[in-house]
Amino acid sequence: MARRGAAALVLALALLAVAPAGVGARGAGVEDPADDVQETWSLEPSYARLEPEPEPFSPPLPAGPGAGERGPRPPQPRPPKKATAKPKKAPKREKLAPQTPRPGCPPLGLETLKITDFQLHASTSKRYGLGAHRGRLNIQAGINENDFYDGAWCAGRNDLHQWIEVDARRLTKFTGVITQGRNSLWLSDWVTSYKVMVSNDSHTWVTVKNGSGDMIFEGNSEKEIPVLNELPVPMVARYIRINPQSWFDNGSICLRMEILGCPLPDPNNYYHRRNEMTTTDDLDFKHHNYKAMRQLMKVVNEMCPNITRIYNIGKSHQGLKLYAVEISDHPGEHEVGEPEFHYIAGAHGNEVLGRELMLLLMQFLCQEYLAGNLRIVRLVEETRIHILPSLNPDGYEKAYEGGSELGGWSLGRWTHDGIDINNNFPDLNTLLWEAEDRQNVPRKVPNHYIAIPEWFLSENATVAVETRAVIAWMEKIPFVLGGNLQGGELVVAYPYDMVRSLWKTQEHTPTPDDHVFRWLAYSYASTHRLMTDARRRVCHTEDFQKEDGTVNGASWHTVAGSLNDFSYLHTNCFELSIYVGCDKYPHESELPEEWENNRESLIVFMEQVHRGIKGLVRDLHGKGIPNAVISVEGVNHDIRTASDGDYWRLLNPGEYVVTAKAEGFTSSTKNCMVGYDMGATQCDFTLSKTNLARIREIMEKFGKQPVSLPARRLKLRGRKRRQRG
């Protein structure tokens, strides 16, 4: 990939011309005329910009060479005489909404799985499914909780001698602990207070103090909202241990956690140097609230004005514009023969990684285009790309207030009026399947472009304004391929998302284009750094390795009214859901690595829009025929031409019998070959008008209407009956 000598200079000049300004207050703001104020990019992560803090305390290192040079060992705390003794507690905090942690050390990575199962240990556990490896922040339990995949670490006994610990595998400056209770539909288990201990050898432990006594940290008051406790003084050690002191009266010792800490430099440790991930891309690796997102879009537009355009598809419930960026060599217009592609992110406002990946992608495409990267130049010049980074900005602002570690699993997921956008589209599957059962397809109900039910279009329907905006957007632009980025898992899901059998919650339900969808899903998963890695630990409960990081949506869990199914049945667009990470809202220090994980996949998936066949359907005068139907023999799903008569049909390599037909024209059939090389096969059609259409055209030209023979016969029969009577 070409590197960016000239592009870096252009970027630097562009940024110098920008007036430095902060992103303003956290949270959403109304539209204001100050949108032209740009924010300078900073590549320094926020956790690196630390304020002066107390000198960290380090427990003694294990005995060994040089250990005696560190001076005498501090006295170890003696255990209390009675378990009922009341140790000194930390100052009680007010019960407010979760607050964003101040800039400091990032999470070690329990939630992101950077901390492996082998680094987690516990005193006891109830069973394997509640072992230490399940004590990760935001981990979710399986449908059947009494299996290998339960929702927390739970101690085997309820007493003061239970603990769970993390081995950081290197000296680390620990600064804080975040805890949650057990994820369960049926049980209420959480820890209400705990001690924190650190060690360098896992044998000698030092308890965090509050003055002269052991410090008791206030834990959770319910099981889902994360609670952050910062250590009064940073502790430098290799191991950290959580020792529960009290728990919910009617429950057990169960918790999920994350540890905040800064690994100390260790140039002599080959293991860590080998596993460190770096990126050479000069991008803005940080989280962007609504205002910062708009500013970043404008910076990209000013850098690449000839290939970018900013527009909006509507507004959210709170009135925030749903901004999109178009990237094309002729932005603002549909070029005949050029396919349209889109990425959507942020349908769930708390699934932030997809949003940031989209902002990084638009920066990357702009920079690489300016640098003359032939692959990117070809992609931009031959594709009209649309990127919608935040479909649910209202939800994102809620999640942003909570922060990357304290938002929990669902804060900001829904729209402001409580709707899940991803499942808010009309259920066209049922209409199609019922018609097929009655053998009314395609006579009464087509196998594509199924109309939206009237009840869904009414103002009283429970439909989010964001959903209506997306539907209008997809009806206006002839998208061929699209991906909606989601979070909380690491898999690519393809339609159908809804099971066909009644009363089932999981069942493989393929579309007529199942082989194409499988290829599209695999094209993303196979080029992702982790999705197809057989050694990778499952995020929560599902192991998708048997299908190489892909899954049929309905075989995972049934969803009625999904974006994927709606897109397939109502438009020409093949839509897939791309789950880009186990952590919905990773710390911004994780963004460079997540970008490296997904960068190649994002590009490869866009290139798949050029697979299959494409062409023009014209009449004898060379004029494009809109709304012509393109059918492929053996595939019970058709597509239609756009307003200029151009079409794109995604197909795997092979030979196909393709038919083009339109009302008033004779149909035309030909063989079209799809090869393995990138680039769609040109397959054009020229249709001639039917005799009846010609007669109608001639008679309309002279102000007459063609005679309808059946109607004429009925009229004559009626006249004869009257004469007989």
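In which loop is the place of Tyr-496? Tyr-496 belongs to the loop between β16 and α10, where helices (H or I, at least four residues) and strands (E, at least two) are DSSP runs numbered from the N terminus.

The views show a predicted model, in which local features need pLDDT of at least 70, side-chain atom pairs count only at pLDDT 80 or more, and totals for chains, interfaces and linings use all residues. Residues are numbered from 1 along each chain as its sequence is written, and side-chain values use heavy atoms, with hydrogens and water left out.

**View 1. Backbone at Tyr-496 and Tyr-449.** The peptide bond from Pro-495 to Tyr-496 is cis, its omega being near 5°. Tyr-449, in the loop between α7 (428-437) and α8 (454-457), has a positive phi near 50° although the residue is not glycine. Most residues other than glycine have a negative phi, and most peptide bonds are trans.

**View 2. Surroundings of Trp-247.** Trp-247 lies in strand β9 (residues 227-247). Its contacts (heavy atoms within 4.5 Å), not counting residues up to four places away in sequence, are Asn-158, Asp-159, Leu-160, Trp-190, Val-191, Thr-192, Ser-252 and Ile-253. A C-alpha separation of 6.9 Å is found between Trp-247 and Ser-193, which are 54 residues apart along the chain.

**View 3. Helices α10 and α13.** The axes of α10 (residues 514-525) and α13 (residues 591-607) come within 8 Å and cross at roughly 150°; axes are lines fitted to C-alpha atoms, for helices over the stretch in contact, and angles run from 0 to 180 degrees between N-to-C directions. The two helices are therefore roughly antiparallel, a term for angles over 145 degrees. From α10, Leu-520, Ser-523 and Tyr-524 meet Asn-598, Ser-601, Leu-602, Val-604 and Phe-605 of α13. This contact comprises five nonpolar, three polar and no charged residues (Ala, Val, Leu, Ile, Met, Phe, Trp, Tyr, Cys and Pro count as nonpolar, Asp, Glu, Lys and Arg as charged, and the others, Gly among them, as polar).

**View 4. Helices α9 and α12.** Helix α9 (residues 465-476) and helix α12 (residues 563-570) have axes that come within 11 Å and cross at roughly 35°. Val-470, Ile-471, Met-474 and Glu-475 of α9 make the contact with Leu-563, Phe-566, Ser-567 and His-570 of α12. By class, five of these residues are nonpolar, two polar and one charged.

**View 5. The second largest pocket.** This pocket has a volume of about 1,200 Å³. On a 1 Å grid over the protein atoms alone, a pocket is an open set of points with protein on both sides within 12 Å along at least five of seven lines, a cavity is a set where a 1.4 Å probe fits but cannot get out, and lining residues have an atom within 4 Å of a point. Grid points are joined across faces, edges and corners, and a volume is the space filled by probe spheres set on the points. Of the 43 lining residues, Gln-140, Ala-141, Trp-409, Trp-556 and His-557 lie nearest the centre of the pocket. The lining has 11 nonpolar, 23 polar and nine charged residues.

Definitions and conventions. Angles under 35 degrees count as roughly parallel, over 145 as roughly antiparallel, 65 to 115 as roughly perpendicular and the rest as oblique.
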